[in-house]
Amino acid sequence: MLSDDGTHESVAGDPPVAVITGATGGLGAAIATACAERGFRLALVARTRSALEHLAAALPSQPGGAVMTVCADVSDMAAAAVAMQKIYADFGRIDVLVDNAGVEGPIGLTWEIPVEQWWEAVRVNTLSTVATVHAVIPLMARHGGGRVISISSAAGRHRWPTLSSYSVAKAAGITFIENIASEARPYGVLAFSLHPGIVATGLTTSALGETDSTDPWRRRRALWLREQIEAGRTVPLPRAVTAVLELATGPAADLSGRYLTVEDVALSR
């Protein structure tokens, strides 16, 4: 496992195993690349097989490193459990879970969005966290523990009007991690909610292309993001990735259970 002093403890000197869900998105791919450079054995999980294969082929090769791809929808409890069991069977352990899967959900005034669409976004975002964590913690506990890093958002800590389904789901995820961290600590498992900030990749990049959208709410969201970027209120992608790696490998027991920003992680070192 990854011990709390940051050292790698693994069977027969094997590198630690990291599972990354939502691996083919911008942030997920950047985390996968950084982990590969560190020599992790990697399990990349996403819903699109071709994108997984492309990412796996593009990762840097390191001595002792290995990469497997798992095509799965981790918002499906059964599929998430099968995926984690497959990874465990192939690698013999799981040391780190980066819970990065999710969707933005519908945009607009909540009462104008069909309830079914609103609830589906809450379901996908909440269960992608709950299902993977539920499946992976018993596997981590078998080998003395591990780390769960749930990629979160300030929208779950405060609010995000016109994206309320996303905000509600992220709030649920933060509270879930708080509870899990308390329950799993005796089993050596640490758990964190990390808000990476506004990073110019993935959903942010997609949203910026909607400044001329005919949908007023999508246009408003895109213009707000552009304002944040122009005002310098963003986090460089390498800095966000470094925060993930710090939580995955560094001393972090005092941070377990907390909602963290990139600055929180930096200040704790």
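This is a predicted model: local features need pLDDT of at least 70, side-chain atom pairs count only at pLDDT 80 or more; totals for chains, interfaces and linings use all residues.
Me: What makes the pair K86 and D90 a salt bridge?
Reply: The closest N and O atoms of K86 and D90 are 4.0 Å apart, and since the term requires a side-chain nitrogen of Lys or Arg within 4 Å of a carboxyl oxygen of Asp or Glu, the pair is counted as a salt bridge. K86 and D90 are 4 residues apart in helix α3 (residues 77-91), and are therefore separated by about one helical turn.

Me: Why is K86 called partly exposed?
Reply: Its relative accessibility is 41%, and because buried means under 20% and exposed over 50%, with partly exposed in between, K86 counts as partly exposed.

Me: How do you know that R123 and E120 form a salt bridge?
Reply: Their side chains meet at 2.9 Å, N to O, and the cut-off for such a pair is 4 Å, so R123 and E120 qualify as a salt bridge. Both residues lie in helix α4 (residues 115-141), 3 residues apart.

Me: What makes E263 and R239 a pair that ties together separate parts of the sequence?
Reply: E263 forms a salt bridge with R239, with the closest N and O atoms 3.9 Å apart; because E263 lies in helix α9 (residues 262-267) and R239 in helix α8 (residues 237-249), the pair ties together parts that are 24 residues apart in sequence. E263, at 34% relative accessibility, counts as partly exposed, and R239 is partly exposed at 38%.

Conventions:
Residues are numbered from 1 along each chain as its sequence is written. Side-chain values use heavy atoms; hydrogens and water are left out. Helices (H or I, at least four residues) and strands (E, at least two) are DSSP runs, numbered from the N terminus. Buried means under 20% relative accessible area, exposed over 50%, partly exposed in between (1.4 Å probe, protein chains only).
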